[in-house]
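Keep the sequence and the 3D view open side by side as you read.

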Amino acid sequence: MAQHWGRAGTVLALTGGLVAPMAVVATADTTTTATAPEVSVQELDLGGVVAAEVAALPDEAPLPAEELDSTESVLPDAQVTGASADAGAVFRTAAVTTDVAADADDAAAPGATAAPAEPTEPTEPAAPAQPDATTDPEPAPSAPAAGPTAGPTAGPTAEPTAEPTPEATEAPAPDVLTRELDTDPFSVLGITWDADPGLEGVVVRYRYRTAGEWTDWEAAGASDIAPDGNSRTDATGTRGATDPIVAVDADGLQIWAEADAGTVRGLKAVLIDPGEDPAPVVADVVPSASASGTADITSAVYRTSSAAGVRTAASHPAPAIISRAAWGADESLRSCQSDVSTQMVSAAVHHTASSNSYSAADVPGLLRGFYSYHTRPEASGGRGWCDIGYNMLVDKFGRVFEGRAGSIDQTIVGVHTGGFNSRTFGVSAIGEYGSAAAPAAMLEAISQTIAWKFSQLRVRGNALVSMVSGGGATKYPAGTVVTFPTIYGHRDANLTSCPGQNLYNALGDIRGRVAQLIDGGVSTSPFGSWDGTSVSGTTLTVRGWVHDPESRASIQAVVSVNGQRTTIAANQSRPDVAAAYPSAGSNHGFQAAVPLNASRNVVCLWATNVGVGGYDTTLGCRVVNVATTPARGQFEAASGKNGQISVTGWAVDRDTTSPVGIMVHVDGRGYWTTTQVPRPDVQRAVTGAGPNQGYQLTVPAASGSAHQVCVSAVDVPTGNAVALGCRTVGVDAAAPRGNFEAASGSGGRLTVTGWAHDSDTTAPVGVAVYVNGRGYWTTTSLARPDVQRAVSGAGPAQGFALTVPATSGAVNEVCIVAVNTPAGPNTALGCRRVPVDATPPVGNFEAATGGAGTVSVVGWAHDADTTAPVGISVYVDGRGYWTTTQLSRPDVARAVPGAGPNRGFALTVAAAAGPHTVCVVPSNAPAGPAASLGCRTVTTR
């Protein structure tokens with residue numbers, strides 16, 4: 001994939017036919033939060049063709065990577081069944097024949113296909129349809145094929161992933177061609193266009209300017225990444241789109257778009273500047289996604305293939321994960337909640353198809369760009385998804401980044417493998433791996449990430465799984481049953497080259513590495529059935545059974561509701577379990593009531609491992625909704641002073657016990673806080689209120705003007721803003737104050753000191769110093785704890801000191817003015833008359849020599865009143881000659897305070913043969929008597 005960023009500014013609309021396009025100013029946005037970096041987006045509406053640019057297009061147009069890397073997908077033992085499968089979708093047999101995680105007597109597993117009859121329980125409402133997964137009925141594990149190969153072992157009989165590359169024989173006929181556009185800086189670019197049933201083969205070519213140079217033309221096709229056809233949250237795609245394009249530190253763009261059939265219309269380019277990283281990016285997540293609530297975390301050292309494969313632990317060690325907060329995700333961009341899966345059975349490997357030239361420091365910003373493009377509404381040039389599409393991302397340095405929110409400890413449905421998202425964990429390699437090899441650190445990180453997840457999902461690395469296509473952006477129509485390896489490439493499910501041929505070739509090694517790490521433990525991990533849920537008020541009842549194949553004893557189940565965990569003893573009698581698993585006994589059932597703490601609740605179920613070789617495993621997650629009550633509150637007061645506006649009020653949301661989010665907008669710019677101020681009056685008066693339902697926030701505002709201030713409470717779980725009101729608030733400008741404390745002059749320079757404070761700003765105060773009418777500038781930057789103690793609102797560094805040139809030997813008029821921020825009359829701190837004594841020059845007449853008709857003198861001189869060369873007068877028998885100090889004399893610079901490096905002089909003049917009197921006199925700057933350096937008698941020949 002590829003993306004770009006641009007700073008907030010204008011959105012440019014370019015339209016027109018074969019004439020110069022017309023520029024129309026539109027809008028752009030900047031999102032500011034208390035914790036996330038400022039991400040700026042520039043949206044360009046593009047249309048028409050700039051005729052003058054057509055002749056400059058290359059004769060051979062570049063093609064998208066999907067067309068250059070068109071090798072067919074290769075699946076071991078993959079099969080397609082069902083009424084909608086076509087003959088070209090049957091894959092040949094390969095060497096890998098192991099099945100999904102299995103146990104000897106799982107064939108009649110209670111709850112595997114239907115829960116035992118429970119006539120006394122209320123019937124669980126049918127969940128909205130989502131793609132299903134069917135696993136082989138867990139026979140005894142078959143022996144895996146011989147070790148993993150370096151690449152796939154068989155290929156499909158048909159169905160290449162892309163159309164054959166056309167020969168470039170015709171002149172370019174673009175539907176859209178812009179001029180070279182100057183833009184604000186950006187690093188990620190996304191391009192979308194109007195969807196049209198008659199539009200086929202769209203190719204968007206682009207070039208950008210970075211460091212003053214324009215790149216060659218590159219090409220991107222339509223993205224193959226989309227939600228499943230029945231996604232309940234993510235937009236299903238009403239516009240065509242590229243994947244995000246990486247263009248780090250670009251500030252110019254040119255677009256060329258055309259299609260094989262139809263005309264490209266409604267083209268938008270979204271340019272994203274990700275802002276500055278919030279802090280040094282380090283792995284900061286210790287996942288707790290296990291029944292025990294604990295998990296190990298590895299360092300970033302990547303183990304070799306000889307590492308041990310089975311461990312005794314709650315779950316396989318997680319890789320070191322860099323959280324969303326660490327890479328700077330702005331959580332306010334998530335406009336909806338992602339779906340969750342009741343059962344994930346596979347992992348899909350992707351690449352972002354973007355540049356590999358990124359540095360480690362670039363990656364957090366690139367992720368913010370991907371995220372911004374994925375979540376931006378389709379109407380504004382984005383993809384319209386709830387969140388970034390991938391569950392996890394891995395960079396070429398082997399670092400693992402948290403992708404879609406919740407993916408660490410929930411079975412979150414991403415947007416990465418159309419038709420199979422709800423049953424697949426998506427891991428994307430950042431970069432393009434069709435032409436480049438994936439680094440070893442990246443392959444190990446991908447393997448470790450999948451192994452960690454598979455240990456929780458009870459899925460083997462070297463196995464097969466059958467899934468039912470959910471339709472949408474996939475080559476398998478909805479309802480088609482397809483058998484995949486549990487670890488497969490994006491191209492296996494969609495018409496794409498992703499994850500690139502080189503990374504695809506490495507999938508065999510990844511499967512083998514994952515199998516080595518966790519397959520032994522998976523087969524001995526607990527399993528069970530989540531039979532049902534029911535809701536009464538704010539109480540959830542869950543029921544099912546869990547069993548550890550290494551023990552007859554009852555084990556524990558753990559129910560997680562929005563991250564709050566409740567442990568349940570699974571010791572109720574279940575004769576049906578005993579019948580299905582004769583060696584297990586019957587006491588493995590559970591039914592328990594747990595509280596719900598929000599209107600939308602993500603409920604996950606875990607089985608706790610008790611054996612020596614298995615892992616805690618998840619039975620999936622479900623969303624349980626309860627009736628909601630909108631947030632309410634009051635915007636009580638607002639006041640403006642000293643360049644700031646303070647707002648106060650209260651808010652309550654009965655659907656959560658967490659602090660209520662508060663958005664304060666000042667002239668349209670947003671600021672964030674939460675309820676955290678004690679308000680016992682609100683707790684007494686409002687049903688469901690807690691003790692800390694008040695809010696208070698102070699934000700910057702320009703002095704000397706009125707501002708529109710609006711406050712909203714953020715409702716849980718909808719995320720909707722509930723308006724609490726708007727007010728017009730004036731902010732008076734306060735004049736700065738201070739003191740001109742002292743001034744002294746010496747040696748042609750004058751030094752002033754004092755302090756200044758402006759209550760309208762916390763920034764340093766500007767100070768203008770005028771000497772004889774000539775101005776000099778400084779700011780308050782010196783520590784003045786006395787001022788901070790004595791002056792209300794003053795900071796620790798309100799002092800100033802400045803040394804400037806002055807006229808020596810004269811009285812100088814010195815005035816100081818404190819500059820008002822942001823505007824308004826400045827404050828004069830006073831004027832003084834300051835005498836500056838002239839300092840006579842010093843030096844040494846070191847030598848004089850006579851030659852054949854010449855006299856030569858050498859020495860040095862320095863005048864503390866100037867940094868300019870010192871004038872030197874040389875008198876031979878009373879006749880004067882002139883030079884200046886311009887020779888390097890580091891010895892003088894070291895020995896004489898204030899002397900520069902070039903204080904030496906030398907001069908040779910003509911003189912008749914015979915004795916001569918030679919004297920040297922330095923000039924006094926700027927004025928004053930000259931002091932002779934001495935005289936000598938020299939005889940010439």
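Cys336 counts as partly exposed because its relative accessibility is 22%; the scale calls a residue buried under 20% relative accessible area, exposed over 50% and partly exposed in between, with a 1.4 Å probe and protein chains only. Helices (H or I, at least four residues) and strands (E, at least two) are DSSP runs, numbered from the N terminus. The torsion about the S-S bond of Cys336 and Cys386 is about -110°, so this disulfide is left-handed.

Before going on, a word on the model. This is a predicted model, in which local features need pLDDT of at least 70 and side-chain atom pairs count only at pLDDT 80 or more, while totals for chains, interfaces and linings use all residues. Residues are numbered from 1 along each chain as its sequence is written, and side-chain values use heavy atoms, with hydrogens and water left out.

How many disulfides does the rule give? The count comes to 5. With the bonded cysteines numbered in sequence order, the pairing reads 1-2, 3-4, 5-6, 7-8, 9-10.

One of these disulfides joins Cys815 to Cys831, with 2.0 Å from S to S. Its torsion of 115° about the S-S bond makes the link of Cys815 and Cys831 right-handed. Cys815 belongs to strand β43 (residues 810–818) and Cys831 to strand β44 (residues 827–836), so the pair ties together parts that are 16 residues apart in sequence. Cys815 counts as buried because its relative accessibility is 19%, whereas Cys831, at 47%, counts as partly exposed.

Another disulfide joins Cys919 to Cys935, with 1.8 Å from S to S. The link of Cys919 and Cys935 is right-handed, with 110° about the S-S bond. Cys919 lies in strand β50 (residues 914–922) and Cys935 in strand β51 (residues 934–940), so this pair ties together parts that are 16 residues apart in sequence. Cys919 is buried, with a relative accessible area of 16%, and Cys935 is partly exposed at 48% relative accessibility.

## A covered strand

Now find strand β14 (residues 267–273), where 7 of the 7 residues are buried. Which residues lie on each face of β14? Leu267, Ala269, Leu271 and Asp273 are on one side, Lys268, Val270 and Ile272 are on the other, and all are buried.

Strand β14 has paired neighbours, and two strands pair if DSSP finds at least two bridges between them. Strand β4 (residues 39–46) runs antiparallel to β14 and is joined to it by 7 bridges. Here Leu46 has Leu267 of β14 as its bridge partner. Strand β8 (residues 181–194) also runs antiparallel to β14, with 5 bridges joining the two. Look for Thr192, which stands opposite Lys268 in β14.

## Nonpolar cores

In soluble globular proteins, nonpolar side chains tend to be buried together. A nonpolar core is a set of buried Ala, Val, Leu, Ile, Met, Phe, Trp, Tyr and Cys residues joined through side-chain atoms within 4.5 Å. The largest one has 60 residues, and Ile446, Ile450 and Phe454 touch the most other members. Helix α5 (residues 440–457) supplies the largest share of this core, 8 residues.

Not counting residues up to four places away in sequence, Ile450 touches Ala347, Val349, Val427, Ile487, Ile510 and Val514, a contact being heavy atoms within 4.5 Å. A second, separate core has 25 residues, including Leu181, Leu199, Ile245 and Leu253.

## The chain as a whole

The chain has 12 helices and 51 strands. Of its 941 residues, 53% are buried. Among contacts between residues at least 6 apart in sequence, 72% join residues at least 24 apart.

Definitions and conventions. A disulfide is a pair of cysteine sulfur atoms within 2.5 Å.
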